Amino acid sequence: NVSRADDGKLAAIVANPSSQDVQVARSSLLQGVLKAMGANKDAPVPAKLFEVGDVVLLDETKDVGARNSRRLLVLYSNTTSGFEVVHGALDRVMLVTGAAKNGDAGYTLDTSMDEATYFPGRQAAIVRDGRRIGVMGVVHPTVLGKFDIVNPCSVLELDLEPLVDIDM
């Protein structure tokens with residue numbers, strides 16, 4: 001559990017699951033990466049984990065009621081939070097995809113976000129063309145404790161699809 005409130009619009013339920021483990025499709029890459037970090041808590045710091053994968057999001061415009069979204073997750077863990085490291089990774093992704101050009105970062109940050117997953121005041125939604133395409137923040141110590149993680153972690157989770165169709 002990454003302390004995200006479920007408003008009934010977050011998780012896609014699988015109609016005929018092959019086992020109880022797959023009754024709900026993942027709507028974020030964060031839980032899997034935190035689980036991997038917790039399983040490797042004795043690894044030397046700094047630790048850097050990356051995952052690119054699909055999540056399933058509810059979407060009433062689709063005939064099945066959901067759609068896949070390709071995401072990138074970056075986790076950085078050290079004796080300090082390393083928020084600037086994941087922010088730098090975001091800037092690099094925007095530059096490489098062509099979203100950032102002519103002095104424009106290719107995104108803005110909405111710091112009014114208030115998710116329990118992240119430390120208050122150390123979280124932001126990533127916005128491009130008026131649409132939220134990701135989040136980044138310092139993971140709240142309560143969440144880290146649930147995964148038996150001892151060092152602070154910062155994460156970036158970004159929807160890659162809005163960045164694929166950019167004219168380069």
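View 1. Of the 168 residues in the chain, 42% are buried (under 20% relative accessible area; exposed means over 50%, partly exposed in between; 1.4 Å probe, protein chains only). The model is predicted: local features need pLDDT of at least 70, side-chain atom pairs count only at pLDDT 80 or more, and totals for chains, interfaces and linings use all residues. Residues are numbered from 1 along each chain as its sequence is written, and side-chain values use heavy atoms, with hydrogens and water left out. The chain holds four helices and eight strands (DSSP runs numbered from the N terminus: H or I of at least four residues for helices, E of at least two for strands). Their order along the sequence is β-β-α-β-β-α-β-β-β-α-β-α. Among contacts (heavy atoms within 4.5 Å) between residues at least 6 apart in sequence, 56% join residues at least 24 apart. The accessible surface is about 9,600 Å², and carbon and sulfur atoms account for 51% of it (Shrake-Rupley method, 1.4 Å probe; for residues, only the protein chains shown count as cover).

View 2. In α1 (residues 30–39), the buried residues are Leu 30, Val 33, Leu 34, Met 37 and Gly 38. Viewed down the axis of α1, these residues fall within an arc of 140 degrees, so they line one face of the helix (the arc is taken from the directions from the helix axis to the C-beta atoms). Exposed residues Lys 35 and Ala 39 are carried on the face of α1 turned away from the buried side.

View 3. Seven of the seven residues of β8 (residues 153–159) are buried, so the strand is largely enclosed by the rest of the structure. In a regular strand, side chains alternate between the two faces of the sheet. On one side of β8 lie Cys 153, Val 155, Glu 157 and Asp 159, on the other Ser 154, Leu 156 and Leu 158, and all are buried. Strand β7 (residues 131–139) runs antiparallel to β8 and is joined to it by five bridges (strands pair if DSSP finds at least two bridges between them). Val 138 has Ser 154 of β8 as its bridge partner.

**View 4. The nonpolar cores.** A nonpolar core is a set of buried Ala, Val, Leu, Ile, Met, Phe, Trp, Tyr and Cys residues joined through side-chain atoms within 4.5 Å. The largest has 21 residues, of which Leu 34, Leu 75, Ile 149 and Cys 153 touch the most other members. At least two residues each come from α1, β3 (47–58), β4 (66–77), β6 (118–128), β7, α3 (141–146) and β8. Helix α1 gives the most to this core, four residues. Another core, of 19 residues, lies apart from it and includes Leu 72, Val 74, Tyr 107 and Met 136.
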